[in-house]
Amino acid sequence: MKLLIVLAFVAFASAQTPCQNIRTRAQWGSRSTSLTWMATRPPSGFAIHHTAGARCTTQAACDTQMRNIQNFHMNTNGWADIGYNFCIGDPGQVYEGRGYGRHGAHAPGFNARALGHCFFGDHSNVLPTAAALSNTQAFITCSRNNGELTSGHWVSTHRNDRQSATACPGQALFNTVSTWDRFHSNP
Ligand SMILES: [Zn+2]
């Protein structure tokens, strides 16, 4: 009986997608903001960033990072909210930033047509954790399956935005993302 319960739990856990386990704004302690819907939904793109700041290795630390970045983007940059639609840290749980369908503030050429997704940390020389990388790929897939990305969507990075001059998301992370399914260098 015990074994059956364990097996049922494992089957349930493995069936969960990252889309079903998003750390919501309420859970990480977001400020309340007013956000703008994208004019065209769902968007066709998924754009990868790094924060170029500190990594986080626990849920509590990633919660703090989200609040710090949101405060920086709102107080210093004067933006309506944290710039990214989603973020992910070392533990591999996806964080809800602006969320689905919201016009972003992450790359001028992508804000209206891509979900901006940040990895916490500086990934110039060091990759994110395997959990963060594989869950991001699974997150792209389940977002498409849930109708939050177009069926023919592309994946790209901040440096591929022709309107941006940036090294983001760092060379190490760029090298990996450029091998992913549906990567476009000039979307
Ligand atoms: Zn970026």
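Mentor: The conversation below goes from the fold to the metal site and then to the strands and the annotations.

Trainee: What kind of model is this, and how are residues numbered?

Mentor: This is a predicted model, in which local features need pLDDT of at least 70 and side-chain atom pairs count only at pLDDT 80 or more, while totals for chains, interfaces and linings use all residues. Residues are numbered from 1 along each chain as its sequence is written, and side-chain values use heavy atoms, with hydrogens and water left out.

Trainee: How many helices and strands does the protein chain have?

Mentor: The protein chain has five helices and five strands. These are DSSP runs numbered from the N terminus, with helices being H or I of at least four residues and strands E of at least two. Along the sequence, their order is α-α-β-α-β-β-β-α-β-α. The radius of gyration of the protein chain is 16 Å, close to the 16 Å from the globule rule for 187 residues, so the chain is as compact as a globular protein of that length. That radius is taken over C-alpha atoms, and the rule is 2.2 Å times the number of residues to the power 0.38.

Trainee: And how much of the protein chain is buried?

Mentor: Buried residues make up 46% of the 187 residues. Buried means under 20% relative accessible area, exposed means over 50%, and partly exposed lies in between, with a 1.4 Å probe and protein chains only.

Trainee: On to the metal. Which residues coordinate the zinc ion?

Mentor: The zinc ion is coordinated by H49 through ND1, H158 through ND1 and C168 through SG, at 2.0 to 2.3 Å. Donors here are N, O and S atoms within 2.8 Å of the metal (3.2 Å for Na, K and Ca); water is not among the atoms, so sites may look incomplete. The donors follow the spacing H-x108-H-x9-C along the chain.

Trainee: Where do H158 and C168 sit?

Mentor: Both H158 and C168 are in the loop between β5 (154–157) and α5 (171–177), 10 residues apart.

Trainee: Why does H158 count as buried, and what about C168?

Mentor: H158 counts as buried because its relative accessibility is 11%. C168 counts as buried because its value is 8%.

Trainee: What does β5 pair with?

Mentor: Strand β1 (residues 45–50) runs parallel to β5, and four bridges join them. Two strands pair if DSSP finds at least two bridges between them. The partner of I48 in β5 is T157. Within β5, W154 and S156 point one way and V155 and T157 the other, and all are buried.

Trainee: Which strands are joined to β4?

Mentor: β1 runs parallel to β4 with six bridges, and G45 has A114 as its bridge partner in β4. Strand β2 (residues 86–88) also runs parallel to β4, with three bridges, and C87 is partnered there by C118.

Trainee: Is β4 (residues 114–119) covered on one face or on both?

Mentor: On both: A114, G116 and C118 on one side and L115, H117 and F119 on the other are all buried.
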